[in-house]
Amino acid sequence: MEFQNPSPEINEDIKAISIMDCEDLVSEEDQNLEEVPEPKVGMFFDSKDDARDYYGRYAKVQGFVVVTRTSNKRRNGQKTNITYSCHRGGKSRDKGLNPLKAHPTSKTDCKASMNLSLKIDGKWLLNSIELKHNHEMCPKKARYLQANRVIPLHAKRTIELNRSAGIKMNQTIASCTIEVGGPSKLPWLPKDARNYADKVRRSELKEGDAESMHKYFIKMKTDNEAFFMQLI
């Protein structure tokens, strides 16, 4: 049996957005949330990934994030039973010794989840479902969660090309926003674009470090004949 905790990014995002008032966020009309039918016992899915995708879309509309809580496997490693649950499930375990300095947590021991099992025909059957959550639910906050923020490949390419051309990030973000039809339809936040650009920059620096260092040593040797270098 496997147990998987929500990623640190999800927990940090929950702590950050929990201080925002739902009414202060984008209006519900601008969210353009798709309608996803409520999960019901007896539903079949062609694969566990299809089930995970469906529950993830339902979760985004409702205002929570899906995590894989448990799964059972056969000896050959094939999964036969799996439970997807709310990211706020489970109990917090504060390792701090001083209760006055306890860190905030996103866990509320929420029981919302759905359990599926693999059938002989290869399809996955929804065996049980718990829809009730024991915490605030606000669909307007869902898009701010890390798990729901994805930069598409074409947007990443735009960020890379604009960065190479010296175009400011604010202009790139504005262009991508207009392309999708407005801020409410953008599946990522400005800070995600900046983080991706920083990641690309670090990758480029890493790849060019050796060459840059070699050119530096050659220049130093040219400027100063007494300069000594040894490349190992």
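This is a dialogue on reading a predicted model.

Trainee: Where do I start? How many helices and strands does the protein chain have?

Mentor: Start with the overall count. This predicted model has a protein chain with seven helices and six strands. From the N terminus on, the order is β-α-α-β-α-β-β-β-β-α-α-α-α.

Trainee: What share of the residues of the protein chain is buried?

Mentor: The protein chain has 232 residues, and 36% of them count as buried. Its exposed surface comes to about 15300 Å². Carbon and sulfur atoms supply 53% of that area.

Trainee: And contacts along the chain? What percentage join residues at least 24 apart?

Mentor: Take the contacts between residues at least 6 apart in sequence. Of these, 62% join residues at least 24 apart.

Trainee: Which residues of H6 are buried?

Mentor: First, the general idea. An α-helix has 3.6 residues a turn, so residues three or four places apart point the same way. Now the case here. The buried residues of H6 are Met 169, Thr 172, Ile 173, Cys 176 and Thr 177. Seen down the helix axis, they fall within an arc of 135°, so they line one face of H6.

Trainee: Which exposed residues sit on the face of H6 turned away from the buried side?

Mentor: Asn 170, Ile 178 and Glu 179 are exposed there.

Trainee: What follows H6?

Mentor: Gly 181 does. Its phi is positive, near 100°.

Trainee: Next, cysteines. How many disulfides does the structure hold?

Mentor: The general idea comes before the count. A disulfide is a covalent bond between the sulfur atoms of two cysteines. This structure holds zero disulfides.

Trainee: Let us turn to rings. How many aromatic pairs are there?

Mentor: The structure holds four aromatic pairs. One of them joins Phe 45 and Tyr 54. Their centres are 5.4 Å apart, with 35° between the planes, and the pair is tilted. Phe 45 is buried at 8% relative accessibility, and Tyr 54 is buried at 6%.

Trainee: What kind of pair do Tyr 55 and Phe 64 form?

Mentor: Read the angle. Their planes stand at 70° and their centres lie 5.9 Å apart, so the pair is edge-to-face. Tyr 55 is buried, at 1% relative accessibility. Phe 64 is also buried, at 1%. Tyr 55 and Phe 64 belong to one aromatic cluster with Tyr 58.

Trainee: One last residue. Where is Asp 192, and is it buried or exposed?

Mentor: Asp 192 is in helix H7, residues 190–223. Asp 192 is buried, with a relative accessible area of 10%.

Trainee: Which residues does Asp 192 contact, leaving aside its neighbours within four places in sequence?

Mentor: Asp 192 is in contact with Gln 146, Arg 149 and Ile 151.

How values were computed
Residues numbered from 1 in each chain as written. Predicted model: local features only at pLDDT ≥ 70, side-chain atom pairs only at ≥ 80, totals over all residues. Heavy atoms only, no water. Helix = DSSP H or I, 4+ residues; strand = E, 2+ residues; numbered from the N terminus. Buried < 20%, exposed > 50% of the residue type's maximum accessible area, 1.4 Å probe, protein only. Contact = heavy atoms within 4.5 Å. Disulfide = S-S within 2.5 Å. Arc of directions from axis to C-beta. Phe/Tyr/Trp six-rings, centres within 6.5 Å; stacked < 30°, edge-to-face > 60°. Areas by Shrake-Rupley, 256 points an atom, 1.4 Å probe, with all protein chains shown as cover.
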